[in-house]
Amino acid sequence: MRSLCMGEILEDLIFPFPYLSNEKKETVRSLVNSLEAWLKDQGDNFRKWDVAGGFPSEFIEQMRQFGLFSLVVPEEFGGLGLGSAAYSRVMQCLATFDASLAVTAGAHSSIGMRGLLLFGNDDQRKRYLPNLASGKMIAAFCLTEAGAGSDASGIKTKAVKSGSDWILNGEKIWITNGGIADFFTVFARTETQAGQMSAFIVTKEMPGVSIGPHEDKMGIRASSTTTVSFENVKVPAVNLLGEEGKGFKVAMNILNVGRTGLGGGSIGGMKRAIELATKHANQRQQFGRPIAEFGLVKQKIGHMVVECYATEAAVGMVAGLVDNGVKDYAVEAAISKVFASECVFRAFDEALQIAGGAGFMREYPYERALRDCRINRIFEGANEILRLFIALTAIQDVGSSLKEVASTLGTVLSDPIKGFGVLTQYAGRRVTHATGIGVATMTKVHPLLKPQAEIFEECSRSLAATTDRLLRKHGKNIIGKQFATRRLADIMIDLFVLATTISRVTSSIESQGQSGAAKEIEIAQVFAGQVQRRVRSNFSKIDQNDDELIKSLADHALTREKFSWDTI
Ligand SMILES: Cc1cc2nc3c(=O)[nH]c(=O)nc-3n(C[C@H](O)[C@H](O)[C@H](O)COP(=O)(O)OP(=O)(O)OC[C@H]3O[C@@H](n4cnc5c(N)ncnc54)[C@H](O)[C@@H]3O)c2cc1C
């Protein structure tokens, strides 16, 4: 995405679509088959545990026996050693049955012990990974505090060095797996300045660690969510995770890698929504016909199919980037999280609508699914924060290049050769944006998808030109221009997901031929059309919009803390 903002398309990163090797596919398939057999046997249990608000300990024990805590632990430590794509596929399977189950397994593997995998030293890995693989230890990720949610750098939990130990004091809230975990990745301030935090491995048996009561939640009710408090907890110096003072980097890296787990869960949810909605639409008769025959019902189902395919392409692509060792995927991972979490919510909302009144009844699975998937837009980075992150990170190269241009203009006389190079490059880019001459194209796309590739190229060119224009207009003040930043982020989200969809469909055409991939080609046609309309609309609002009026109305309500009008 950073390159795209500069007008370049890094095709080699997204073509061919990253499928698992046949051998890995076989491993995942047999794991998923055995999980499905076990989970189908649970019957109505998940609904009961949602009402009760927790899993019984026997079920957690079964999760251990099925190896659900071993998924991402390397084989040498007794785990399954799944890569990102395989792990994401397993999360998809779990979420198809129950979101609380997926969140419990995911909080352990995606974030709870991910810091140990990414930053742990040999001694730490040897000490904890075998127990984390067997599920003897369940992991939790402890960052959020009452005063520090989205602004994680504002945490107050403190770790003070005392001899060879750290003394930890503070309280974390809303910690997934809090009530069942024994291994906590805890973030605490180790310096006086905000943001200077470090990460620590804390275990439950350390004196001073206490767990609060189970939270009564809207959704994912059976998953454990509690406070985790630390009162003068003596943490040995060897439990420092990563470098002292680099805890923020540890936290952000954990969350980046973890996003394919949440993405996989969202895909599982969408596939279930499609199954429920299609079955219901075929069975339910109104006006003497199955409701499946009505256009407005078909419209919902068609959109669900397109968004599920596109989400799977985006999440699969990010997992492929991670598995292939690409380092710079934070923006794309954030894009996949935002897109997946919004599509799964829309899918269940529409499935519930297709079910009509039945959808509202607790007896049916829709209302629980809708409650369950709502959290995806909030945790592991609220979508608003991620949109800001996506746009502001992706435009950094354009910002640096403009800075270089500005400083070159000042020094062009003293270093004309360097100055000439920088300015020529920049002028060339501007001409390309404006005229389309020398523009980057998608050359690896299948010829049948040429029109969709052209949509991508046209929108990408506008993205590069708009990024340049916005940065010249606002400079570093772009950080405070959230309406504009959001539009850029939405354009980037659409473009990345479109690129991954085109790549996926290209691979399908190549392996199955035009007729085998006919429906996927239709998906690409629909999605590209949607992207083109949304992106054009977002571009048109960059200069002409109601932003100031909307802010003024918000300020009006915020000042009075109420709606000001009435009709009587
Ligand atoms: C069920 C559940 C499980 C959780 N599990 C964990 C866990 O395991 N570990 C953990 O550490 N945390 C966990 N969390 C916490 C979760 O990560 C936070 O709730 C999330 O990061 C948002 O923080 P907040 O709730 O304080 O919202 P706030 O930060 O107060 O945000 C409120 C709203 O304001 C918006 N907002 C905030 N700042 C800005 C800004 N600068 N610009 C624009 N909009 C802004 C947000 O997007 C959001 O819509 C969990 C939360 C829940 C509900």
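Which residue has a side chain that meets the side chain of Asp-44 in a salt bridge, and what is the N to O distance?

Modeller: The partner of Asp-44 is Arg-47, and the salt bridge between their side chains has an N to O distance of 3.3 Å. The term salt bridge stands for a side-chain nitrogen of Lys or Arg within 4 Å of a carboxyl oxygen of Asp or Glu. Side chains of opposite charge can pair when their charged atoms come close.

Some remarks on the source are needed before going further. This is a predicted model, in which local features need pLDDT of at least 70 and side-chain atom pairs count only at pLDDT 80 or more, while totals for chains, interfaces and linings use all residues. Residues are numbered from 1 along each chain as its sequence is written, and side-chain values use heavy atoms, with hydrogens and water left out.

The structure holds 32 salt bridges. One of them joins the side chains of Asp-12 and Lys-444, at 2.4 Å from N to O. This pair links distant parts of the chain, 432 residues apart: Asp-12 belongs to helix H2 (residues 11-14), and Lys-444 to the loop between helix H17 (416-435) and helix H18 (450-474). Helices (H or I, at least four residues) and strands (E, at least two) are DSSP runs, numbered from the N terminus. Asp-12 is exposed, with a relative accessible area of 61%, whereas Lys-444 is partly exposed at 37%.

Another salt bridge is formed by Arg-472 and Asp-468, whose closest N and O atoms are 2.8 Å apart. These two residues are separated by about one helical turn, because they stand four residues apart in helix H18. Arg-472 is partly exposed, with a relative accessible area of 43%, but Asp-468 counts as buried because its relative accessibility is 3%.

Salt bridges also link Asp-50, Asp-216, Arg-221, Arg-362, Glu-367 and Arg-371 in a network.

A polar contact, by contrast, is a pair of N or O atoms within 3.5 Å; within protein, one must be able to donate a hydrogen and the other to accept it, and residues adjacent in sequence count only if both atoms are side-chain atoms. The side chains of Ser-229 and Glu-171 make such a contact at 2.9 Å. Ser-229 lies in strand E7 (residues 225-236) and is buried, with a relative accessible area of 16%.

As for the whole, the chain has 21 helices and 10 strands. Its radius of gyration, 25 Å, is close to the 24 Å that the globule rule gives for 568 residues, so the chain is as compact as a globular protein of that length. The radius is taken over C-alpha atoms, and the rule is 2.2 Å times the number of residues to the power 0.38. The C-alpha trace spans about 75 × 70 × 65 Å along its principal axes. Buried residues make up 54% of the 568 residues.

Conventions:
Buried means under 20% relative accessible area, exposed over 50%, partly exposed in between (1.4 Å probe, protein chains only).
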